[in-house]
Amino acid sequence: MNAEPLRSIVVVGGRGGGAADATLDELDDRSASQEILRAGRLFGVQVAVLADGAAVAVLKTPGIPTEQIERAARFALHVRSQLPDSRIGLATGWGVPEDQATMNEVVTRAMAAVTASTEHGVRIDPATVSL
């Protein structure tokens, strides 16, 4: 078992159809951001809404990795149910927040899951699926 903590990252973006723009539409930013923050409180997830309207959620739960991934997936599915036009990516990796390279890599994989398709829904990276 890995000694470093497991981190699951959920990125929410892309209400529009353009593949180049993976952020929430400007007109819907405020209500969408509020909905994502509300979901974060409901699931006990740290959420940051970025200036461009995208949101990044970080899950870090001690214990069994599959339980954390399940919680991250439930969070992502809840956001999807509240914001059906959104694109959501879920990625997971081992590391501590101070290890910027590892966290950047996990965020990059979650963002790649968001931008990989113009279809709405939740995409899960292969590393998360393998856990």
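Reader: Which element of the chain has the lowest mean pLDDT, and which has the highest?

Author: Good place to start, since this is a predicted model. The pLDDT is the predictor's confidence in each residue, on a scale from 0 to 100. Elements here are DSSP runs numbered from the N terminus: helices (H or I, at least four residues) and strands (E, at least two). Among them, the lowest mean, 83, belongs to helix α3 (residues 100-115), and the highest, 91, to α2.

Reader: What is the average pLDDT of the chain?

Author: Of the residues, 81% score at least 70. Over residues 14-27, though, the pLDDT is below 50. The average for the chain is 79.

Reader: How are residues numbered, and which pLDDT do side-chain atom pairs need to count?

Author: Residues count from 1 along each chain as its sequence is written, and side-chain values use heavy atoms, with hydrogens and water left out. Local features need pLDDT of at least 70, and totals for chains, interfaces and linings use all residues, while side-chain atom pairs count only at pLDDT 80 or more.

Reader: In which order do the elements of the chain run?

Author: The chain holds four helices and five strands. Start at the N terminus and read along; the order is β-α-β-β-α-β-α-β-α.

Reader: Is glutamine 68 buried or exposed?

Author: Glutamine 68 sits in helix α2 (residues 65-82). Buried means under 20% relative accessible area, exposed over 50%, and partly exposed in between (1.4 Å probe, protein chains only). Because its relative accessible area is 1%, glutamine 68 is buried.

Reader: Which residues does serine 8 contact, leaving aside neighbours within four places in sequence?

Author: Contact means heavy atoms within 4.5 Å. By that rule, serine 8 is in contact with Ala57, Val58, Leu59, Gln68, Ile69, Ala72, Leu90, Ala91 and Thr92.

Reader: How many salt bridges are there?

Author: A salt bridge is a side-chain nitrogen of Lys or Arg within 4 Å of a carboxyl oxygen of Asp or Glu. One of them joins arginine 38 and glutamate 35, with the closest N and O atoms 3.1 Å apart. Count them by this rule and you get four.

Reader: Which residues do salt bridges that share partners join into one network?

Author: Look at helix α3, where arginine 109 and glutamate 105 are four residues apart. Their side chains meet in a salt bridge of 2.5 Å, N to O. Salt bridges that share partners build one network out of Glu105, Arg109 and Asp125.
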